[in-house]
Amino acid sequence: MMSLMDSVFGRVQHTKSRGTVLDRLNAAMALHRSRARLAALDAHLLDDIGLDQRTAEREASRPIWDAPGTWTQ
């Protein structure tokens, strides 16, 4: 069991947390906004970031819970 002193002096091994419900909701909303902005880009701007229209549409249409694993860690 962790004591208060262990916590104060940083002698606790931290486990990787998935965050609070609010953290996950904020991340999901940020992902939604990002995909909406991607869908709104024209061909010239998509070319600047190295994507074609089909790839951008496919990414923008993914469901909110379908995020890359690296984004949810």
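Good morning, colleagues. Please bear in mind throughout that the structure shown is a predicted model.

I shall begin with the overall architecture. The secondary structure consists of four helices and zero strands. Read from the N terminus, the order of elements is therefore simply written α-α-α-α. As for how the chain folds back on itself, consider the contacts between residues at least 6 apart in sequence: 44% of them join residues at least 24 apart.

Next, the surface. The chain has 73 residues, and 8% of them count as buried.

Is Arg35 buried or exposed? Arg35 counts as buried, because its relative accessibility is 4% and the cut-off for buried is under 20%. What does Arg35 touch, once residues up to four places away in sequence are set aside? Its partners are Glu59, Ala60, Arg62, Pro63, Ile64, Asp66, Ala67 and Pro68. With one of these, Asp66, there is also a polar contact: the side chain of Arg35 reaches the backbone oxygen of Asp66 at 2.7 Å.

With a relative accessible area of 48%, Leu25 is partly exposed. Together with Leu22 and Met29, Leu25 makes a nonpolar surface patch of about 290 Å².

Thank you for your attention.

Conventions: Residues numbered from 1 in each chain as written. Predicted model: local features only at pLDDT ≥ 70, side-chain atom pairs only at ≥ 80, totals over all residues. Heavy atoms only, no water. Buried < 20%, exposed > 50% of the residue type's maximum accessible area, 1.4 Å probe, protein only. Polar contact = N/O pair within 3.5 Å; in protein donor to acceptor, adjacent residues only side chain to side chain. Contact = heavy atoms within 4.5 Å. Helix = DSSP H or I, 4+ residues; strand = E, 2+ residues; numbered from the N terminus. Patch = residues over 30% accessible without salt bridge, like charges linked within 9 Å, V, L, I, M, F, W, Y side chains within 5 Å. Areas by Shrake-Rupley, 256 points an atom, 1.4 Å probe, with all protein chains shown as cover. Salt bridge = Lys/Arg side-chain N within 4 Å of Asp/Glu carboxyl O.
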